[in-house]
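Colleague: Before we talk about this model, please take me through the terms you apply to it, setting each value against its definition.

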Amino acid sequence: MIVHLVPTFTGDSAYGAGNWKAVAANRLALAATGLNVREIPLDPKSPLSCLEQLPDETRHVLLEYTWWPQLVARIRGIRPEIRIHVRAHNAEAYQHFHRNRIYKRDYIKPALYRRCVQLAQRDAGCKKHADNILGISDWDNRFYWNWLFGSANVGYLPYFSPWPYVRSEVAPPAWEDRQHAIVSMGGNFDPSGIANFQHFDIMSQRLTPMLREKWDYVLTWWSQWHEAVPKVGSQIRIERSCEQPWDLLCQSRALAVLTHLGFGFKTTVLDGLAAGCHVILHPILARRLPQEVRELCLIYDPESATDAQTVAHALNGPPKQQQLNAELFSRVRQTLHSLCS
């Protein structure tokens, strides 16, 4: 039996968020293996309490997130026959650094660096006691996980978009039936989110005179998560209600993901490709994505005078047809079946 340990913060209240999507994808892939799987919720405030629910026939545990090395060590101690696979969602120390240095003076705050060291130690604790660390990003694996102490094997378990499967009743329409709209899926008031909407604002101003037809620029900023809204130009419409992100992507012709910050994997990138959108990326973010993803996207550098022209030209026609999302789903299913059978 495979036990899938899923933190409660990725539940229904997080519907549409990156962590919800990443867990939903793994849930779909596990179901597709045909193996015996049981999902057990994990309370972040009391992670060890899930040990009481582990069935006697458990042979594999897939734990979402690298936040609980004490839980991994405890399973190893009391049930040494169980193989433990920990799903890494981010390079946590790097991620914390990007999310918590808003001003230049933050670089000199010792607390920022102490916390980064603590997170790296926490991640190393998981790598010490687990059998496998399953990174969501090959870049994270090469430049973070492989450098941490610990004997676990570091493998790559890519993200695929679960939307085509959980919203199967909504199929991406033909290019000519879509709205002339470029969507940006917001974020938070952290450095990554701020960079995203600021760069989106700059791009909208530069693209507008280059496009043959009138295009809409839509920034989602979900009301259930945010009371305040970003300050952007009048050409951008802020969408406060986005109950179904997949439906919005399927109605639109392009998705912009223009932050240069953050690690792990920007799940919205694969969502946009799966929906048949042009996906426009910041070049620094693009360099941290797998080549098979990067080569399907458009690159826009806010500092470049020519990138806007390239993007405007590409938007005159549909993106390249591809089946990457389905291929990644198959790859994840095969990897999990191989690890857990």
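**Contacts and burial**

Modeller: Once neighbours within four places in sequence are left aside, His98 is in contact (heavy atoms within 4.5 Å) with Pro191, His260, Leu261, Gly262, Phe263 and Arg288. This is a predicted model, in which local features need pLDDT of at least 70 and side-chain atom pairs count only at pLDDT 80 or more, while totals for chains, interfaces and linings use all residues. Residues are numbered from 1 along each chain as its sequence is written, and side-chain values use heavy atoms, with hydrogens and water left out.

Colleague: Is His98 buried or exposed, and how do you know?

Modeller: His98 belongs to helix H3, residues 92-99, a helix being a DSSP run of H or I with at least four residues and a strand a run of E with at least two, numbered from the N terminus. Its relative accessibility is 12%, so His98 counts as buried, a word for values under 20%, with exposed for those over 50% and partly exposed in between (1.4 Å probe, protein chains only).

Colleague: What makes Leu48 partly exposed?

Modeller: Leu48 has 40% relative accessibility, and therefore counts as partly exposed. Leu48 lies in the loop between strand S2 (37-42) and S3, and beyond its neighbours within four places in sequence it touches Gln70, Leu71 and Arg74. From Leu48 to Arg74 the separation is 26 residues in sequence, yet 8.0 Å in space, C-alpha to C-alpha.

Colleague: How do you know how far H1 reaches against what is expected?

Modeller: The expected span is 1.5 Å times one less than the number of residues. H1, residues 18-32, has 15 residues and reaches 21 Å from first C-alpha to last, close to the expected 21 Å. Its buried residues include Trp20, Val23 and Leu30, and Gly34, with a positive phi near 80 degrees, follows the helix.

Colleague: Which residues line the largest cavity?

Modeller: On a 1 Å grid over the protein atoms alone, a cavity is a set of points where a 1.4 Å probe fits but cannot get out, whereas a pocket is an open set with protein on both sides within 12 Å along at least five of seven lines, and lining residues have an atom within 4 Å of a point. Ser137, Trp139, Asp140, Gly262, Phe263, Gly264, Phe265, Lys266, Leu285, Arg288 and Leu289 line the largest cavity. Among these are Gly262, Phe263 and Arg288, which are also contacts of His98.

Colleague: How many residues line the largest pocket?

Modeller: The largest pocket has 47 lining residues, with Ala17, Gly18, Asn19, Arg99 and Asn188 nearest its centre, and H1 gives the largest share, 4 residues. The second largest pocket is lined by 22 residues, with H13 giving the most, 3 residues.
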